[in-house]
Amino acid sequence: MSGPRKALQGLTAPLKERLIQEALQRRMRKTELERSAPVRQAPFERSEHSDSIPDSWCRFDMHPDYQQLRILNEGAEKLGVSNPFFRVHEGCAGATTLIGAETFTNFSSYNYLGLAGHPDVNAAAKAAIDRYGTSASASRLVSGERPIHRELEQALAAVHGVDDCVVFVSGHATNVSTIGHLFGPKDLIVHDALIGSQLSGARRMPFAHNDWEALDQLLTQCRLQYERVLIVIEGLYSMDGDVPDLPQFVEIKRRHRAFLMVDEAHSLGVLGRGGGGIQEHFGLRGADVDIWMGTLSKALASCGGYIAGTSALVEHLKCAAPGFVFSVGMPPSAAASALAALRLMQAEPHRTQMLQTRGRQFLEAARARGLDTGLTMGLSVIPTITHSSLKAARLSEALFRRKINVQPIVYPAVQERSARLRFFMSSEHTEAQIRTTVEALAEETRRL
Ligand SMILES: Cc1ncc(COP(=O)(O)O)c(C=O)c1O
């Protein structure tokens with residue numbers, strides 16, 4: 001037995017756990033420091049020998065981000081927590097899902113309206129395959145264009161009440177490519193603090209979550225130092241399940257002559273009586289927002305993302321955004337399934353309304369049991385905050401043993417103190433499933 005393991009022998013479980021966690025935190029801090037160390041001048045500029053190049057610059061296994069991943073995985077192993085990621089689901093995941101040979105009540109899928117797996121959506125995808133084959137086989141610009149692409153884009157533009165729309169093969173690529181293409185080094189991106197990654201060469205500044213007054217202040221201080229300014233917010237926040245006060249953001253962006261982009265990934269099909277998203281929720285016009293972004297992978301049961309807005313915006317992206325121009329056209333079957341799902345969402349608004357009811361029921365039951373559900377409005381996304389990654393992983397594992405599938409969200413996806421379980425709701429969940437789940441959740445939370 002190795003040294004550290006031997007040293008832990010004979011200790012009480014809580015003490016052992018604390019020591020392991022402290023050791024983990026020390027190692028994590030060390031890699032954090034390495035990551036944030038100032039960039040060294042390239043050695044060749046200083047005419048040094050290539051021997052001076054550190055291993056982490058030429059070995060993937062020494063990459064500081066990978067090292068962090070290893071530390072976390074090894075820590076979880078030492079603490080006896082099983083890996084909740086990459087579990088294989090054997091069928092279509094909705095309110096229930098098949099993992100191995102067992103059926104679980106499922107709160108880990110984006111299938112908000114129960115349309116992934118709906119017979120009409122499946123039939124539309126199959127018909128598109130029969131007609132167009134499985135691939136667009138080219139970028140849309142150069143021979144990949146099919147009628148179904150434009151049908152879907154026009155239907156999405158109509159949802160937002162704007163001129164036009166363009167679909168991309170992935171939601172994430174939609175954001176990266178749009179922001180990366182439209183904004184450069186002389187521009188500023190101001191974004192809600194809960195929105196993560198670096199998306200362009202523009203300067204980036206976060207403002208406190210949902211705090212439009214902070215945004216206003218920030219723009220008052222620095223708007224004039226930049227050319228274009230883009231404000232990025234989400235229609236419904238994917239980790240916290242709350243909604244921004246969109247009319248305030250619209251007023252601010254107008255006053256400061258900035259662009260406003262709203263990511264509707266978790267809001268389309270969820271907010272508004274007919275699922276029209278945050279725009280319907282607040283009764284705003286399409287033109288109040290400059291860039292409507294959405295994904296096809298959530299309520300719309302498919303894959304891909306879109307940008308809707310003015311003709312100029314869409315034409316520009318279609319002719320020049322690298323993620324569109326240099327990427328294959330969306331598979332016709334994916335476009336057809338998104339369009340069929342959109343039509344169902346519009347024809348059957350009871351799906352959105354049932355999702356809202358089930359979300360509210362979950363939230364009320366969780367609050368009644370004293371669970372910390374954070375800021376959520378109780379719609380499609382309901383977190384229960386555990387304030388510790390280890391607790392989140394343990395809680396998820398305990399619920400899994402009770403045939404409830406819900407993913408933990410752990411550091412570094414969120415701050416350690418914000419670690420949580422995240423429940424994705426579906427219109428297909430039953431009241432009984434919600435009751436049983438919240439009871440199990442409350443019991444297991446008490447045991448932690
Ligand atoms: C807010 C938000 N925007 C964009 C995306 C990316 O969408 P996709 O998974 O369809 O690529 C996600 C992913 O879940 C998301 O949560």
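Let's start where two helices touch: R358, Q361, F362, A365 and A366 in α13 meet E431, I434, R435 and V438 in α15. Here two residues are in contact if their C-beta atoms, placed from the backbone, lie within 7 Å. Sorted by class, this contact of α13 with α15 has five nonpolar, one polar and three charged residues. For these classes, Ala, Val, Leu, Ile, Met, Phe, Trp, Tyr, Cys and Pro count as nonpolar, Asp, Glu, Lys and Arg as charged, and the others, Gly among them, as polar.

Before going further, a word on the model: it is predicted, so local features need pLDDT of at least 70 and side-chain atom pairs count only at pLDDT 80 or more, while totals for chains, interfaces and linings use all residues. Residues are numbered from 1 along each chain as its sequence is written. Helices (H or I, at least four residues) and strands (E, at least two) are DSSP runs, numbered from the N terminus.

Back to our first pair. The axes of helix α13 (residues 350-368) and helix α15 (residues 431-447) come within 10 Å and cross at roughly 25°. That angle makes α13 roughly parallel to α15. Axes are lines fitted to C-alpha atoms, for helices over the stretch in contact, and angles run from 0 to 180 degrees between N-to-C directions. Angles under 35 degrees count as roughly parallel, over 145 as roughly antiparallel, 65 to 115 as roughly perpendicular and the rest as oblique. The crossing of α13 and α15 is right-handed; a crossing is left-handed if the near helix is turned anticlockwise from the far one by less than a right angle, and right-handed if clockwise.

Three strands form an open sheet in the order β10-β13-β12, with antiparallel pairing. Since β10 (381-385) and β12 stand at the edges, each with a single partner strand, one side of each is left without a neighbour in the sheet. From one strand to the next, the twist averages 35°. α13 packs on this sheet, touching β10 and β13, and the direction of α13 makes about 15° with that of β10. β10 and β13 run antiparallel and are joined by five bridges; two strands pair if DSSP finds at least two bridges between them. V381, for instance, has F424 as its bridge partner in β13.

Do look at the loop between β12 (407-409) and β13 (420-424), where P412 has its place. The peptide bond from Y411 to P412 is cis, with omega near 10°. N210 lies in the loop between β5 (203-207) and α7 (212-222). For background, most residues other than glycine have a negative phi, and most peptide bonds are trans.

α7 and helix α8 (residues 246-255) pack at an angle of about 5°, with their axes 10 Å apart. The two helices, α7 and α8, are therefore roughly parallel to each other. W212, L215, D216 and L219 of α7 make the contact with Q248, F249 and I252 of α8. By class, that contact has five nonpolar, one polar and one charged residues.

Helix α4 (residues 119-132) and helix α12 (residues 332-347) pack at an angle of about 150°, with their axes 8 Å apart. This makes α4 roughly antiparallel to α12. The crossing of α4 and α12 is right-handed. Residues in the contact include A124, A128 and Y132 of α4 and A336, A340 and L344 of α12. Its classes are 13 nonpolar, two polar and one charged residues.

Another open sheet of three strands has the order β1-β2-β11, with mixed pairing. Here β1 (96-99) and β11 (404-405) stand at the edges, each with a single partner strand, so one side of each is left without a neighbour in the sheet. Strand β2 (residues 102-106) and β11 run parallel, joined by two bridges, and T105 has I404 as its bridge partner in β11.

Finally, the ligand. Around it are S170, G171, H172, N175, E234, S238, D263, A265, H266, T295, S297 and G305; a residue is near a molecule or strand if its C-beta atom, placed from the backbone, lies within 6 Å of it. Helix α6 (residues 171-182) gives the largest share of this shell, three residues. By class, the shell around the ligand has one nonpolar, nine polar and two charged residues.
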